[in-house]
Amino acid sequence: MPAPRARTVAAACVLLALAAPSATADGGTGNIVVAPKVTTREEPLTVTVHAASCRTGSASSPAFGETRLTPRTDGAGGHARPAVGRDVPPGSYDITVTCDDGRSVTRTAAFTVVNGVARGDHGPAPSDGASTADLVIGGLMVASALAGGGALWLRGERREGREERRSA
């Protein structure tokens, strides 16, 4: 197998390993899944625990306090729908799930709270609009596109001029 192909296969294996659900060493409390991963204050989250042995218990986070898990209809764990608190500062937050049998597991950086107001299902909107950095980056992108387009246009003009001289 050539070296570039081997590197590609190795990179694909690493990505698959990172994307796979993580195993827990706590006796099977399973994975904690949070949706959406990025939210604003006072918006609800869906917290799902994928473990048949943890259908009831509680989920807690500094962003929303403690909330009870209700059993999923498929019997494969529990879920809760807490809302992020009004005064929660922006940042990443952990979630700890404690099953009724006493086992618990924590998912670090399970979700992120950002400044903004919710816009329905379209996600958070920035509360202050575009920042100066956003405007500078956008301006630089437009300027570089214009410069690149101008360079290509001039190059084409020079090429046409040479072809006219050759044919004359």
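Helices (H or I, at least four residues) and strands (E, at least two) are taken as DSSP runs and numbered from the N terminus. Two strands are said to pair if DSSP finds at least two bridges between them. The model is a predicted one, in which local features need pLDDT of at least 70 and side-chain atom pairs count only at pLDDT 80 or more, while totals for chains, interfaces and linings use all residues. Residues are numbered from 1 along each chain as its sequence is written, and side-chain values use heavy atoms, with hydrogens and water left out.

Strand S5 (residues 65–71) runs antiparallel to S4, to which 5 bridges join it. These two strands form a hairpin with 3 residues between them, and Ser61 stands opposite Gly65 of S5. S5 is also joined by 2 bridges to strand S6 (residues 77–80), again in an antiparallel arrangement. Pro71 has Gly78 in S6 as its bridge partner. The hairpin of S5 and S6 has 5 residues between the strands, and Gly75 in its turn has a positive phi of about 75 degrees.

Ser58 lies in strand S4 (residues 57–61). Its relative accessible area is 8%, and Ser58 is therefore classed as buried (under 20% relative accessible area, with exposed over 50% and partly exposed in between; 1.4 Å probe, protein chains only). When residues up to four places away in sequence are not counted, Ser58 touches Glu66, Thr67, Arg68, Leu69, Thr96, Val97 and Thr98, contact meaning heavy atoms within 4.5 Å.
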